[in-house]
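Open the model in your viewer and keep the selection panel at hand.

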Amino acid sequence: MARTLTVRQLGWMLIAAGLINTALWLDSLDTYLDARWQWRLQAVLPEVAFAPSRQLGLWLGRDAGSTLEDSSQDGPAPPPLRLPLQALPAGEFWPTIAVQKALPGPQSILFAGDSMMQGVAPFVMRELRQAHPDWQMTDLSKQSTGLTARRYFDWPHTIAQAIEAQQLTWVVIFLGPNDPRDMFLPDKRVSFATPQWLENYAARVDEILAHAVQRQVRVIWVGLPAMRDDRLQRGVAVLNPVFHDRAQAFGTDYLAIEPLIGVASLPFQKYQRDATGQSVSVRTEDGTHFTPAGLHKITQALVQHIEKANSP
Amino acid sequence: MSFVSPEFAWLCLLFFPLYWALAAHPRAQRALLLLSGYALYASWDWIFAPLLLAYSLGIGVLGVWLARQPHQRLPWCVALTLSMGCLAYFKYAEFLRISLLAVFNGLGFHPALPVWDVVAPVGISFLTFQAITYLVMVARQPSSVRPLPQVLLFLCFWPTLFAGPILRAERFFAQLDAGTPGRPREAMVALYIIVLGAAQKLVFATWLADTWVDPVFKSPEQYGGLSLLAAMVGYTLQIMLDFGGYTLIVTGLALLLGFELPVNFRQPYLARNLQDFWTRWHVSLSSFIRDYIYIPMGGNRLGFARTQANVLFGMVLSGVWHGPNWTFVVWGLLHGLGVVAVNLYKRAQGPVMPTWFSQTLTLLFVALAWVFFRAESVQAACSMLYSVVSNEHAFWQVKPWPMLMLLILVTVFLSLSHHACALQTRVVTWLQASPAWAVGAVLSLCIFGVVALGPSGVPGFIYYRF
């Protein structure tokens, strides 16, 4: 111990350092807690408490964490989401939609999504690059992201920016496990899977699709497979119909990987049979992500889907 | 819950003052430590907590059995089988199944081997080795057997629970018996190494991962030879800063709890040969393998050839310990062969190399082996190494600013490695001489800086996988 520092002093010093940094980073912590635990400090602390951290955010050139509102769509109004969503009987899944054809010439593909896409994208890019060395491919996938916690990461905005900057011809989106949770709108908290939540979530999907469709960018939305975690499994039953419905509404593609990885209307299974009839593990231990064998299956499905759209 | 998450930091602000306040009541304090260990373990997945409890109770009972029948082989065999069996079941069963299937398929058979759909508890490799140290301690000295609550406390001691360092039972119980725990030890050292570890992990290791390692290892075919080399150097530094940073943080936390952890790193990238490297890198693991596997197998007492076989076995085991993947086997084998090569060179009485040359040679070998450790498969690692020399992209095609930053980081890191101990002594001396408000101000400023330069979100530690 220091000559002058008692245990009591040490305790108070730690608490003081913790409180000072909490105050200085309050806005960032609020964003973090929202994304991680769905807690909003804004709901319990006065606005003035956030002033230092917001000012600091401005000085450091960071986003001060202002609550983003969904931007209006600039394309034609799509058919609204059909509510209530249809529940699927056991063993069934939302089928693949493959209606788009690629524009002629080299393609420019953006891969967007969460950690699931982080696993898949490198393999798809490698396969496509071997077949088409002149194609451009960009992987922007980022773990822990989704469409619900827009304040933490704004996919509609990021994808719109990428479309403008890179003259994309395809966007492939694979996300969802971070989304089955309540949504914080500027004025209220909307519970997961309620009609209002679905409308808002579908509006964010629409924002991506409308921007892409208006700029003639093809979109493949990869559906979610079964999940080990009960909460996520219930989430898949809510999210896949939204992805499928909106793809149908905008005339974009939906790729169902459930038959390859695990049908979400059935109990989770880590293993699938391969061509020789052997059980092969396709999921990692967390029951969300994929083993190399699982990634291989998704890669093949996605590459085939793109190649088919690219064929005359 | 990660040790670098805001939630953990806030809980510490509540926990430590309460823990220290109970210093006059050791039973209550140990109960709090025990509960906090189980709560932290359950924060990953609640099912892990009852598993840990059952495992710890099992180890405790086996310890009692071993102590009562010290000269019988049966208790020892059962203890070893059960403790290692859990590790094998949770971690290696699927690897074994796939490997056996590959062998059978190669022979033209297609048997339906059963599958094990289990989730390995976090840190099970560390936990198992710590449990073995307890069982060996009791087997060697039956009077050292501990009551169940102490065994539970040892096996759920949270600073070492998730990713080591491997804390030996003798060391833990000696501190418990001495009555030293309960109050912070060397508080200024603890604060210094916690902040240093957080900076290593959150600022530097994360930058290396985001800028060089992850993108290049993910899609090596997109990069030229120099970028691939930069990623290899980047990973060499990243894993040191990541695991070293983690070790510093938990060592500091343990000091605040009043416990001293074993040293896990001694500036490994200054090693003069691979033997030297393994006395500096992940020391708690390498010394465990030395004391509990290599020496019981005969060590260097059975002739030169047998010694080299033992070295190879120990190093491959060290690789396999990291996980069920052939990449780790190859990594361990490479290090084993490297150590054997060093032994052969010494036996042949080769000329003594200049220090700078032997250090560089060792570091290059270690960096090369890390490619196998990091890659998804042996094939991917070989492909990456081959791409350095044969690549469709221009060799020199590289992003200049990240490259410059990497060179600066490597230079500063290696330069500071020589002076790390002296630097720590100077900073700690200054902190100890300073008034509490000044220490608090510096601490606040350092935390602020680490958060400002750190990533958004909470990055995972590499060794949490093991």
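A salt bridge is a side-chain nitrogen of Lys or Arg within 4 Å of a carboxyl oxygen of Asp or Glu. Select B:Glu221 together with A:Arg129, whose side chains meet in such a salt bridge at 3.8 Å, N to O. Between chain A and chain B the count is three salt bridges.

Before going on, note that this is a predicted model, in which local features need pLDDT of at least 70 and side-chain atom pairs count only at pLDDT 80 or more, while totals for chains, interfaces and linings use all residues. Residues are numbered from 1 along each chain as its sequence is written, chains are lettered from A and ligands numbered from 1 in the order in which they are written, and side-chain values use heavy atoms, with hydrogens and water left out.

Next, select the residues where the two chains are in contact (heavy atoms within 4.5 Å): 44 residues come from chain A and 50 residues from chain B. How much area do chain A and chain B bury between them? They bury about 3800 Å², with 61% of it on carbon and sulfur atoms; buried area here is the accessible area (1.4 Å probe) that two parts lose on being put together, summed over both.

Finally, select chain A by itself and colour it by secondary structure, which shows nine helices and nine strands; these are DSSP runs, helices being H or I with at least four residues and strands E with at least two, numbered from the N terminus. Its C-alpha atoms fill a box of roughly 75 × 50 × 45 Å, taken along the principal axes.
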